[in-house]
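The paragraphs after it are meant to be read with the structure in view.

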Amino acid sequence: MMSSRTPRNKPRALAALGALAAVLACGVSVSPSASAAGIYPTCNTTKAVSISSGHSVTVPAYNSGSGKTLTCNLVFDRGTQNPAVTALQRSLKNCESYGYLTIDGYYGLETMTAVELLQEDYGLGADGVYGPNTRDSMKHYSSTLGCARL
């Protein structure tokens, strides 16, 4: 009895595995941001970047605890709430004309959508991930200057 079921179910199982593999392969190929986001750590702080004599802008950064800040990413994640997100939101709201944005330090759907729109405006891949390309393209908030690019 078991041998009569096996040949009939085997093609179905193989077809299901093939469909699953196709879906997974497609998911990997259409969402490179997920893998690109893994290249850099998640931003957890801010750093001042000097842009002219005596003036600096505040940008999201990553601090590993060693005191050295590194390039980082912010991605839509219901758990990401920190000063880096606040700095990004402040720049988006005050410097990039996303006045509707709530500055709450939470990288939610509203912030991700603003990042995607910004990326579209600057001709970047609109994936909603704040990373090095987005950082280098956008204007950042400065308490002394207002807004400026890096």
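This is a predicted model: local features need pLDDT of at least 70, side-chain atom pairs count only at pLDDT 80 or more; totals for chains, interfaces and linings use all residues.

Residues are numbered from 1 along each chain as its sequence is written, and side-chain values use heavy atoms, with hydrogens and water left out.

The protein chain holds 5 helices and 5 strands, where helices (H or I, at least four residues) and strands (E, at least two) are DSSP runs numbered from the N terminus. Read from the N terminus on, these elements come in the order α-α-β-β-β-α-α-α-β-β. Of the 150 residues in the chain, 29% count as buried, a word that here means under 20% relative accessible area, with exposed meaning over 50% and partly exposed in between, for a 1.4 Å probe and protein chains only. Among the contacts with a separation of 6 or more, 46% come from residues 24 or more positions apart, a contact being heavy atoms within 4.5 Å.

An open sheet of 3 strands has the order 1-2-3 with antiparallel pairing, and strand 1 and strand 3 are its edge strands, each pairing on one side only. Two strands are said to pair if DSSP finds at least two bridges between them, and strand 2 and strand 3 pair in the antiparallel sense over 2 bridges, with Tyr-62 standing opposite Leu-70 in strand 3. Helix 3 packs on this sheet, where it touches strand 1 and strand 2, and its direction makes about 140° with that of strand 2; such axes are lines fitted to C-alpha atoms, for helices over the stretch in contact, and the angles run from 0 to 180 degrees between N-to-C directions. In the loop between strand 2 and strand 3 we find Ser-66, which is exposed, with a relative accessible area of 58%. The side chains of Ser-66 and Ser-64 are joined by a polar contact of 3.1 Å, that is, a pair of N or O atoms within 3.5 Å, of which, within protein, one must be able to donate a hydrogen and the other to accept it, residues adjacent in sequence counting only if both atoms are side-chain atoms.

Strand 4 and strand 5 pair in the antiparallel sense over 4 bridges, and a hairpin joins them through 3 residues. In strand 5, Cys-147 is the bridge partner of Tyr-141.

How many disulfides does a search of the whole structure find? The search finds 2 disulfides, each being a pair of cysteine sulfur atoms within 2.5 Å. In one of them, Cys-43 and Cys-72 have their sulfur atoms 2.0 Å apart, and this pair links distant parts of the chain, with Cys-43 in the loop between helix 2 (32-37) and strand 1, and Cys-72 in the loop between strand 3 (69-70) and helix 3, 29 residues apart. With 95° about the S-S bond, the link of Cys-43 and Cys-72 is right-handed, and both Cys-43 and Cys-72 are buried.

Cys-95 and Cys-147 also form a disulfide, with their sulfur atoms 2.0 Å apart. Because Cys-95 lies in helix 3 and Cys-147 in strand 5, the pair ties together parts that are 52 residues apart in sequence. The torsion about the S-S bond of Cys-95 and Cys-147 is about -80°, so this disulfide is left-handed. Cys-95 is buried, with a relative accessible area of 6%, whereas Cys-147 is partly exposed at 32%.
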